[in-house]
Amino acid sequence: MSYPVFSLAPMLDVTDRHFRYFLRLLSKKTLLYTEMVTTGAILHGKDPERFLDFSEAEHPVALQLGGSDPLDLARCTEKASLWGYDEINLNVGCPSDRVQNNLIGACLMAYPEKVAACFQAMQAATDKPVSIKCRIGIDDQDEDKDLEKFIAILKEAGCRVFILHARKAWLQGLSPKQNRDVPPLNYPRVHRLKQQHPELTLGINGGIKTLQACQEHLKTLDSVMLGRALWDNPMLAAEVDQQLYGLDSPIITAHQAVEAYLPYVEAQLARGVRLTALSKPLMGVFQGVPGARKFRRHLSENVHLPNQNADVIRQALDLVAH
């Protein structure tokens with residue numbers, strides 16, 4: 001099976017199961033990523049199912065793991081595989097202090113042999129693809145020489161799928177938010193990597209905002225990953241299947257998507273999920289549409305009130321122009 005050409009980036013406090021479910025209503029083909037889940041949360045947390053659970057409708061869906069102990073990563077990969085995930089990904093790109101202190105995320109780019117051992121342990125625990133999401137470097141690393149070394153060691157270990165955030169991570173002096181914007185983007189470096197390693201499946205991530213830009217990257221690369229752009233405007237995903245996969249299925253409208261989401265909202269409310277969590281994926285849906293501000297305000301002012309139900313979303317929907 002060919003690798004999905006478009007995916008939703010893992011984002012902490014964003015790509016939860018509700019946002020993923022909503023995005024699946026917009027695109028049948030997008031590969032959906034979970035938030036990063038640490039091995040500790042799965043192996044030692046009070047409620048590991050909360051981190052692993054997803055709806056059958058979400059397929060294809062990938063679990064992103066954070067960790068650096070091969071044995072722990074293997075155990076989590078095995079659990080994820082049994083749980084039904086279509087891919088397991090290792091986070092080698094998150095720059096936050098909290099994860100650095102636990103040797104998780106982007107700081108691992110300084111230890112390619114350790115990442116290789118983690119990858120091999122993970123791949124041995126599943127027949128699903130195991131992928132690596134990384135930066136093009138950290139701190140004072142050379143974006144050419146050091147990245148080439150990192151990829152070569154992982155390739156030797158058997159890794160074939162990499163998603164590269166096309167900018168460095170600065171582990172000292174920049175916040176995680178600044179690390180998404182401040183280090184300069186270097187798309188040509190990722191494209192050169194593909195030319196040097198044509199047999200690898202390479203995806204690109206970072207600062208990509210339109211499907212037209214995705215199409216340009218896909219002339220060279222295998223896959224494109226969008227994060228903040230989809231959170232800010234989920235309706236970008238509504239044309240992915242047509243523009244990037246060549247399907248002739250009808251394009252769902254924002255109103256249709258919200259209506260289609262309501263039965264899920266009602267089912268989740270019945271399970272005790274809070275309306276605040278279920279309304280979060282809808283905040284960017286009507287970007288640029290008359291009434292969008294009223295829609296957002298109605299949700300913001302009402303979803304947290306006691307005894308509210310899906311009617312709050314229906315009422316908000318009536319405030320937006322068709």
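1. A residue counts as buried when its relative accessible area is under 20%. Keep that cut-off in mind for strand 7, residues 201-205, in this predicted model. Five of its five residues are buried, so the strand is mostly covered.

2. Which way do the residues of strand 7 point? T201, G203 and N205 point one way. L202 and I204 point the other way. Both sets are buried. In general, side chains in a regular strand alternate between the two faces of the sheet.

3. Strand 7 has a partner in strand 6, residues 161-165. The two pair in the parallel sense, over five bridges. I163 stands opposite G203, and H165 stands opposite N205.

4. Strand 7 also pairs with strand 8, residues 223-226. The sense is again parallel, here over three bridges. N205 has M225 as its bridge partner in strand 8. Between these two strands the chain passes through helix 10, residues 211-217. This β-α-β crossover is right-handed.

5. Now the whole sheet. Eight strands form a closed barrel in the order 1-2-3-4-5-6-7-8, and the pairing is parallel. From one strand to the next, the twist averages 25°.

6. Helix 4, residues 70-83, lies across strand 3 (61-66) and strand 4 (87-92). Helix 4 runs at about 160° to strand 3. Helix 6, residues 112-124, packs on the sheet and touches strand 3, strand 4 and strand 5 (130-135). The direction of helix 6 makes about 165° with that of strand 4.

7. Next, the backbone. Most peptide bonds are trans, and most residues other than glycine have a negative phi. The bond from H59 to P60 is cis, with omega near -5°. P60 sits in the loop between helix 3 (48-52) and strand 3.

8. D13 has a positive phi, near 65°, and is not a glycine. Its place is the loop between strand 1 (6-8) and helix 1 (17-26). Is D13 buried or exposed? D13 is at 57% relative accessibility, so it counts as exposed.

9. L103 is another residue other than glycine with a positive phi, near 55°. L103 lies in the loop between helix 5 (97-100) and helix 6. The relative accessible area of L103 is 26%, so this residue is partly exposed.

Note on methods. Residues numbered from 1 in each chain as written. Predicted model: local features only at pLDDT ≥ 70, side-chain atom pairs only at ≥ 80, totals over all residues. Heavy atoms only, no water. Buried < 20%, exposed > 50% of the residue type's maximum accessible area, 1.4 Å probe, protein only. Helix = DSSP H or I, 4+ residues; strand = E, 2+ residues; numbered from the N terminus. Pairing = 2+ DSSP bridges. Right-handed = clockwise from strand over helix to strand, strands pointing away. Axes fitted to C-alpha atoms, helices over the stretch in contact; angles between N-to-C directions. Contact = heavy atoms within 4.5 Å.
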